[in-house]
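Here's a quick look at one helix and one of its residues. Have the sequence and the model open as you read.

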Amino acid sequence: MSTTQGFTVAIDGPAASGKGTISKAVAAHFGFAHLDTGLLYRAVGAKVLLGVDALDAARALVPEDLDGEALRMPDVAQAASKVAALPAVRAALVDFQRSFAARAGGAVLDGRDIGTVICPDAQVKLFVIADAVVRARRRFEELSGKGVETSFEEVLADVEARDARDMGRADAPLKPAPDAVEIDTSALSIEVAVAQTIAVIDAAMAK
């Protein structure tokens with residue numbers, strides 16, 4: 001299948017499941033563009049923490065807002081999860097994501113509702129999961145490496161709270177698309193997880 005006509009890979013999953021790392025590696029392997037859609041909500045959340053209305057922030061979002069390590073901080077992550085539960089905010093960001101997905105040359109989008117809501121017709125859909133304790137350990141090590149003072153218990157509680165909010169929201173809850181391929185990274189190295197994902201995409205492109 002020619003990627004000049006657009007080939008979309010939708011990768012969903014909970015926080016710290018590895019979907020972002022897998023998505024970047026896969027995009028680089030195939031020469032596809034990559035969008036971490038979670039950054040859209042983090043950027044909105046960051047603006048909300050500064051006192052901006054969530055919907056106003058979503059409507060005014062520009063690509064430059066997606067840059068910066070500050071978007072990776074725990075308070076921004078929590079704010080992002082909260083604004084992502086607002087239907088009006090999600091609606092305001094849909095066009096941005098769908099336009100990206102439709103670009104010629106192929107695109108990989110990772111998030112929580114890509115295969116179910118944003119790109120239900122994506123040629124490949126994956127749902128990346130991992131045990132909550134494993135995910136919390138990954139996030140704790142990431143934050144500790146950046147000098148963020150926190151405890152494993154706090155990070156685990158944060159991961160579980162985000163899971164509950166993401167899976168329980170009424171609008172576009174986190175769940176696998178019926179035709180998504182599940183990859184459990186709990187006991188996988190990133191190299192193996194990426195290889196499995198590439199194999200799924202190669203098979204779809206060969207059809």
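Buried here means under 20% relative accessible area, exposed means over 50%, and partly exposed is in between (1.4 Å probe, protein chains only). Helices are DSSP runs of H or I with at least four residues, numbered from the N terminus. This is a predicted model, where local features need pLDDT of at least 70, side-chain atom pairs count only at pLDDT 80 or more, and totals for chains, interfaces and linings use all residues. Residues are numbered from 1 along each chain as its sequence is written, and side-chain values use heavy atoms, with hydrogens and water left out.

Which residues of α7 are buried? They're R135, A136, R139, F140 and L143. Looking down the axis of α7, these fall within an arc of 135 degrees (taken from the directions from the helix axis to the C-beta atoms), so they line one face of the helix. That buried set packs against α2 (38-49), α4 (74-83) and α8 (152-168), with contact meaning heavy atoms within 4.5 Å. On the face turned away from the buried side sit the exposed E141 and G145.

Now for R135, which is in α7 (residues 132-145). R135 counts as buried because its relative accessibility is 3%. Leaving out residues up to four places away in sequence, R135 touches P14, A15, A16, S17, A130, V159 and D163.

Two side-chain pairings to check:

| From | To | Distance |
|---|---|---|
| R135 side chain | D163 side chain (polar contact) | 2.5 Å |
| D131 side-chain oxygen | V133 backbone nitrogen (N-terminal cap of α7) | 2.9 Å |

A polar contact is a pair of N or O atoms within 3.5 Å; within protein, one must be able to donate a hydrogen and the other to accept it, and residues adjacent in sequence count only if both atoms are side-chain atoms.

Just past α7, G147 has a positive phi of about 85 degrees.

Notes: Helices (H or I, at least four residues) and strands (E, at least two) are DSSP runs, numbered from the N terminus.
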